[in-house]
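Let's take a walk through this structure together, one piece at a time. Have the sequence and the model open side by side as you read.

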Amino acid sequence: MEEARLLRLKTMSNLIRKDIVKMVLDAGSGHPGGSLSVADIVSVLFFDVMTHDPSNPCWEGRDRFILSKGHACPAVYAALAEGGYFPREELDTLRKFGSRLQGHPDMCKLPGLEASTGSLGQGLSIASGLALAMKIDGKSNRVYCLMGDGELDEGQIWEAAMTASHFGLDNLCGIVDRNGLQIDGRTDDIKTLEPLADKWRAFGWNVIEIDGHNVTEISGAMNRFRHTHFRPTVLIAHTIKGKGVSFMENQAGWHGKAPSKEQAEAALMELSQEVV
Amino acid sequence: MKDLHLAKNMLNEPERIPTRFGYGDGLVELGKTNPSVVVLGADLSSSLCVDRFRDAFPDRFIQTGIAEQDMMSFAAGLSLAGKIPYVSTYGVFCTGRAWDQLRTTVAYARLNVKVGAGHGGVSVGADGATHQALEDISITRTIPNVTVIVPADYNETVKATIHSALIRGPVVIRFGREKVPVVTTKETPFTVGRAEIFHEGEDVSLIACGQMVYESMVAAEILAKKGVSARVINCHTVKPMDRETILAAARETGAIVTAEEHQVMGGFGSAIAEVVCQSCPVPIRMIGIQDTFGQSGDPEELMKAYGLTGQDIAKTALDAIAMKKG
């Protein structure tokens, strides 16, 4: 990846991370861990990979992004605001009464959201339906679906995995945020996910494993997805829950907890010193 | 009273057709005029009669396999791309097993997904309790943004299916498995959200949905022989409820019997009671399943065993009349 593009994406990831910390601090609740872990993925999708137009959120030619792990919406709200879908000042309203930034995404309230999600396990089915509709209509739009690894406990994910490969949805790209933690602890203590790549392969998917914090790798994998035919692609993105804020990293406790003012200040200080 | 063009001879020699045939035939009619309509099946295509649509429009039939939750969310995705998907399977599965998908993904975002909920009621028969949907009305009508229609017969199921495509947002259409009497004709008026008075009367109102409309017509005839004048209302749309017609019935007849092939708890009778008790309280008795599961048997013997016949309605109507205040 050329230097300027790389710098732009890393700067955007950093902005998204700072927004996440500020938003969750203001809200007094929310999900910082899983939002920070997807910041780089969201950054690459919205600012490098996807075709979309913030000034025309309903443009038919846009690619679609479904946030199946709806609780990571602070990352997506930040990307939408940074991209120009709505004013950045509105990020302060996260989770507050009357806000368009609901605790989990409400597509009817906020432009740029493609589905209302939050009840886990449903996003991949929604994305598959969208992808098949694009095929039926002969459109070339692509559909991206971001899932949590804990979310893969849901049986519906695997129903959708069968459906998507049955229909050969090569316009569908799933991304698993493989941060290894869920609310009650380590994903593999709660329900064994491994061998995860083999599972997806057995379901008929093209599997690409990447470092989910390396924007060059993420972008490269998305490029391979675009050149894969007759089957859907899933990126297993190895990430760190709470990435970028050292005291939140790899701590299940930061799944759904807001930082104190002091903690947020320390987090923002650390993020502002991040070498970009 | 306007001519509703009801079926002639319905009480003596009714024609009998399963309402699920109406769903299948309605979809085929829709398919001819609306290219956005797609139909989803979960390995029950002939049972739901959606094989008729599949054979007519194979490119617009989507088989999702035995995966109802995936099917409901998949339909949500199709609707987000402008399709009008009809999720088709037994009521216990599409409204029960996929309830969260219907609530949170479809209804919350008011997505344009239609749900064909088959095998409603104990008249499903031999398959028994596991496959007899008796809670579907209760659990779908409590979800905001959802329209719930329980057509009275074959003709009305055709109309409900066709009209559902004109509503922007989720619609649940409930129908049954067995042959049931045809009480309406093609000419009978049908408007979603509007109840129709099928028989005039002043002493009591029999308010019904689904095949219980026929049973209520039978009850009205039994009551007439006893000198009791019963009003029969076909309230096919459970939500949104036609408050005007229901409250007029309460005011003008002073007693109500509701009839549904479904649990009375939270169901159709409860929906009527919610309207009546808050604006024009009168005695209400409810015919329906009384907090129990169904079982295997012939449809006819099950309808008798669970107190769902015209005879049962007539007897209960007399009780309701006796409850009227001085």
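Helices here are DSSP runs of H or I with at least four residues, strands are runs of E with at least two, and both are numbered from the N terminus. "Buried" means that 20 or more other C-beta atoms lie within 10 Å of a residue's own; exposed means 12 or fewer, partly exposed is in between, and the C-beta atoms are placed from the backbone. This is a predicted model, so bear in mind that local features need pLDDT of at least 70 and side-chain atom pairs count only at pLDDT 80 or more, while totals for chains, interfaces and linings use all residues. As for the labels, residues are numbered from 1 along each chain as its sequence is written, and chains are lettered from A and ligands numbered from 1 in the order in which they are written.

Back to α4(A), which covers residues 73–83: nine of its 11 residues are buried, so the helix is largely enclosed by the rest of the structure. The buried ones are C73(A), P74(A), A75(A), V76(A), Y77(A), A78(A), A79(A), L80(A) and A81(A).

Pick out A75(A) and look at what surrounds it. Beyond its neighbours within four places in sequence, A75(A) is in contact with I16(A), I20(A), S35(A), V38(A), A39(A) and V42(A). Contact here means that two C-beta atoms, placed from the backbone, lie within 7 Å.

Now try S43(A), which sits in helix α3 of chain A. Is it buried or exposed? S43(A) has 28 other C-beta atoms within 10 Å, so it is buried. Not counting residues up to four places away in sequence, S43(A) touches L9(A), M12(A), S13(A), I16(A), A79(A) and V215(A). C145(A) is 102 residues from S43(A) in sequence, and their C-alpha atoms are 14 Å apart in space.

Let's zoom out to the nonpolar core, meaning a set of buried Ala, Val, Leu, Ile, Met, Phe, Trp, Tyr and Cys residues joined through C-beta atoms within 7 Å. The largest one has 187 residues, and those touching the most other members are V42(A), A75(A), I175(A), L206(B), I256(B) and A317(B). Domain 1 (16–181) and domain 2 (196–322) of chain B both give residues to this core, so it lies between them. Those bounds come from an automatic or database domain assignment.

The C-alpha centres of these two domains of chain B lie 25 Å apart. Across the boundary, 28 residues of domain 1 of chain B are in contact with 31 residues of domain 2 of chain B. On the domain 1 side, α6 (136–141), β6 (147–149), α7 (154–164) and β8 (179–181) of chain B each supply at least two residues. That side has 14 nonpolar, nine polar and five charged residues, where Ala, Val, Leu, Ile, Met, Phe, Trp, Tyr, Cys and Pro count as nonpolar, Asp, Glu, Lys and Arg as charged, and the others, Gly among them, as polar.

How do the chains meet? 20 residues of chain B are in contact with 21 residues of chain A. On the chain B side, α3 and α5 are the elements that give two or more residues, and α3(B) gives the most, with nine. By class, that side divides into nine nonpolar, seven polar and four charged residues.

Those two helices of chain B also touch each other. The axes of α3(B) (residues 68–80) and α5(B) (residues 99–107) come within 9 Å and cross at roughly 10°. Axes are lines fitted to C-alpha atoms, for helices over the stretch in contact, with angles from 0 to 180 degrees between N-to-C directions. α3(B) and α5(B) are therefore roughly parallel; that label covers angles under 35 degrees, with over 145 roughly antiparallel, 65 to 115 roughly perpendicular and the rest oblique. Q69(B), M72(B), S73(B) and A76(B) of α3(B) meet Q101(B), L102(B), T105(B) and V106(B) of α5(B).

Finally, some backbone details. The peptide bond from E194(A) to P195(A) is cis, with omega near 0°, and so is the one from K239(B) to P240(B).
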